[in-house]
Amino acid sequence: MQTCEYIWMNGNLVKWHDAKIHVLSHVVHYGSSVFEGMRAYKSERGPILFRLREHSVRLLNSARIYRMEVGYTAEQIDQAIIDLIDVNKLEECYVRPVVYRGYGALKVDPTDCPVEFSIGVWPWGKYLGEDAIEKGVRVCVSSWRRLAADTMPAMAKAGGNYLSSQLIKLEARRLGFDEGIGLDYHGCVSEGSAENIFIIKDSVLITPPFTASVLPGITRSTVMTIGRDLGYEVREQNIPREYLYIADEVFFTGSAAEISPVAEIDGLKVGEGRRGPITKKLQQAFFDVVQGKSVDKYKWLTYVRERRASCRSKPARFGRFRHGVC
Ligand code: PMP
């Protein structure tokens with residue numbers, strides 16, 4: 001991976017190679033972390049963070065589900081991310097805030113382990129490969145089901161959930177596919193290993209509901225809004241597996257995957273076997289908004305440099321921060 005100069009750890013800026021935790025930290029053994037992933041896009045006005053506040057809020061929600069006391073507000077988390085991108089002098093990057101249970105008493109009960117918080121930023125290309133956005137990806141339906149509703153909460157973006165994602169991804173790669181689609185416990189379509197999924201049938205956009213063991217994706221919500229703005233009907237409904245095989249278009253959404261068309265599922269071409277026309281329109285509208293090329297009518301964009309400049313002119317408000325002090 002490409003490195004940067006600083007990582008944010010518990011309110012301090014630490015050199016990239018010094019950002020370490022103890023091997024007996026709770027998170028290493030029991031998967032006890034919650035995290036976020038978002039992108040900052042390059043623009044003429046400097047890096048733009050896309051839907052920063054929604055990511056900070058989802059992080060706090062994930063932590064709440066696992067009863068982790070983060071100790072920072074959404075506003076403070078936003079500011080720490082803004083500061084970190086700025087001190088690392090990045091024009092565009094991926095952002096990874098992670099809250100985890102640290103080093104204390106090593107047993108399943110996490111009560112005696114401190115809750116820690118780090119943020120990393122680094123330059124990152126296209127998640128599913130450079131061609132994915134135009135040509136689409138080849139996928140299979142996984143033999144691994146997603147988490148049942150009463151096992152582990154899919155609405156929390158928790159480290160442990162990604163063991164399921166890894167099984168799906170590894171199986172897909174082993175069979176020669178780019179990605180796998182997980183079904184939910186009832187056998188309906190859930191999501192990719194790290195993406196939500198949409199199908200398009202007769203110009204209607206359909207995506208599985210939260211009850212289908214999906215992460216409430218921020219790109220999913222963005223696409224639902226953009227889709228409606230473009231005049232399409234958008235529905236959240238259960239999708240039987242075979243609907244994938246007769247859909248006109250299928251695509252994945254995610255902060256990393258952005259909008260990635262699916263060209264083939266289980267050896268069957270989706271539509272013409274390449275990006276479909278509605279997917280292309282949605283991508284165009286999506287990239288225009290994230291790069292600040294269209295009007296930001298939903299206030300989704302945070303201009304890092306401008307926020308830093310306005311921050312410098314204000315007195316520090318949060319004493320416990322050395323960084324993230326606006
Ligand atoms: N589902 C899973 C399992 C994911 O890991 C992700 C990526 N965060 C998504 C969906 C898409 O969510 P978002 O659009 O908020 O990145």
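This is a predicted model: local features need pLDDT of at least 70, side-chain atom pairs count only at pLDDT 80 or more; totals for chains, interfaces and linings use all residues.
# A walk through the chain

Residues are numbered from 1 along each chain as its sequence is written, and side-chain values use heavy atoms, with hydrogens and water left out.

**The overall view**

Switch to a cartoon view and you can look for nine helices and 17 strands. These are DSSP runs numbered from the N terminus, with helices being H or I of at least four residues and strands being E of at least two. The chain is as compact as a globular protein of its length, because its radius of gyration is 20 Å, close to the 20 Å that the globule rule gives for 326 residues. That radius is taken over C-alpha atoms, and the rule is 2.2 Å times the number of residues to the power 0.38.

Now put a surface on. The accessible surface comes to about 15,300 Å², with 51% of it belonging to carbon and sulfur atoms; areas like this come from the Shrake-Rupley method with a 1.4 Å probe, and for residues only the protein chains shown count as cover. Of the 326 residues, 54% are buried. Buried here means under 20% relative accessible area, exposed means over 50%, and partly exposed is in between (1.4 Å probe, protein chains only).

Select Gln283, in helix α8 (residues 277-290). Is this residue buried or exposed? Gln283 counts as buried, because its relative accessible area is 2%. Zoom in on the side chain of Gln283: one of its polar atoms lies 2.8 Å from the backbone oxygen of Ile259. Beyond residues up to four places away in sequence, Gln283 touches Ile133, Ile259, Pro261 and Arg275.

Hop across to Ile259, which sits in strand β15. Ile259 has a relative accessible area of 0%, so it is buried. Setting aside residues up to four places away in sequence, its contacts include Val223, Phe251, Phe252 and Phe286. For a distance to draw, pick the C-alpha atoms of Ile259 and Ile197: they are 62 residues apart along the chain and separated by 9.5 Å.

**Next: Leu128**

Go to the loop between β7 (115-122) and α4 (132-135) to find Leu128. With a relative accessible area of 13%, Leu128 counts as buried. Which residues does Leu128 contact, leaving aside its neighbours within four places in sequence? They are Val137, Lys169, Glu179, Glu195, Phe252, Ala257 and Ser260. Then draw a line from Leu128 to Arg146: the two are 18 residues apart along the chain, and their C-alpha atoms are separated by 20 Å.

**Over to Tyr162**

Select Tyr162 in helix α5 (residues 162-174). Not counting residues up to four places away in sequence, Tyr162 touches Phe35, Lys157, Ser193 and Leu215. Tyr162 and Ser193 are 31 residues apart in sequence, yet 7.8 Å apart in space, C-alpha to C-alpha.

Most residues other than glycine have a negative phi. Arg67 has a positive one, near 55°. Look for Arg67 in the loop between α2 (52-65) and α3 (74-87); at 75% relative accessibility, Arg67 counts as exposed.

Asp266 also has a positive phi, near 50°. Asp266 is in the loop between β15 (258-265) and β16 (268-269), and at 28% relative accessibility it counts as partly exposed.

**Last stop: Gly292**

Finish in the loop between α8 and β17 (301-303), where Gly292 sits. Gly292 is partly exposed, at 29% relative accessibility. Show its contacts and you get Ile48, Leu301 and Tyr303, not counting residues up to four places away in sequence. Gly292 and Tyr303 are 11 residues apart in sequence and 9.3 Å apart in space, C-alpha to C-alpha.

Methods: A polar contact is a pair of N or O atoms within 3.5 Å; within protein, one must be able to donate a hydrogen and the other to accept it, and residues adjacent in sequence count only if both atoms are side-chain atoms. Contact means heavy atoms within 4.5 Å.
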